[in-house]
Amino acid sequence: VQLQASGGGLVHDGGSLRLSCAASGSIFGIGSMAWYRQAPGRERELVALLHNSSSTYYADSVRGRFFISRDNGKTTVYLQMTNLKPEDTAVYYCNHKFGPYDNWGQGTQVTVSS
């Protein structure tokens, strides 16, 4: 599976962005898809996860503001981010896990100005 993340950018406090993670590979439709982020000087953290296209998990810091979803063709996963805050500034990475497979996309920068 190869993952290609896009959609990052600069937005003002309270704004919205939608990140996309396009995937190739036959196993992408199963397992877990997730978005992580890493801010300067901090560890990479799990932001949102979608398991087998049904169950979801959100970090407390983003619950109610961020929403993970997958298109019907199961080739793209999205992270809709609303009410963005300066503390959401980070490089965002998409990830796919299934069995022994653990694939990462390149990061996309999200910057929220106050």
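**Reading rings, charges and a disulfide**

Guide: The charged end of Arg44 sits over the ring of Tyr93, 3.8 Å from its centre. This is a predicted model: local features need pLDDT of at least 70, side-chain atom pairs count only at pLDDT 80 or more, and totals for chains, interfaces and linings use all residues. Residues are numbered from 1 along each chain as its sequence is written, and side-chain values use heavy atoms, with hydrogens and water left out.

Visitor: How many aromatic pairs are in the whole structure?

Guide: A pair of aromatic rings is described by the distance of the centres and the angle of the planes. Rings of Phe, Tyr and Trp (its six-membered ring) pair if their centres lie within 6.5 Å; planes under 30 degrees apart are stacked, over 60 edge-to-face, the rest tilted. The search finds 2 pairs. Tyr36 and Trp104 are tilted, 4.9 Å centre to centre with 55° between the planes. Tyr58 and Phe67 are edge-to-face, at 6.5 Å and 70°.

Visitor: What joins Cys21 to Cys94?

Guide: A disulfide is a covalent bond between the sulfur atoms of two cysteines. The cut-off here is a pair of cysteine sulfur atoms within 2.5 Å. A disulfide joins Cys21 to Cys94, S to S 2.2 Å. The link is right-handed, with 65° about the S-S bond.

Visitor: Are Cys21 and Cys94 buried or exposed?

Guide: Both are buried (under 20% relative accessible area; exposed is over 50%, partly exposed in between; 1.4 Å probe, protein chains only).

Definitions and conventions
Lys NZ or Arg CZ within 6 Å of the ring centre and 35° of its normal.
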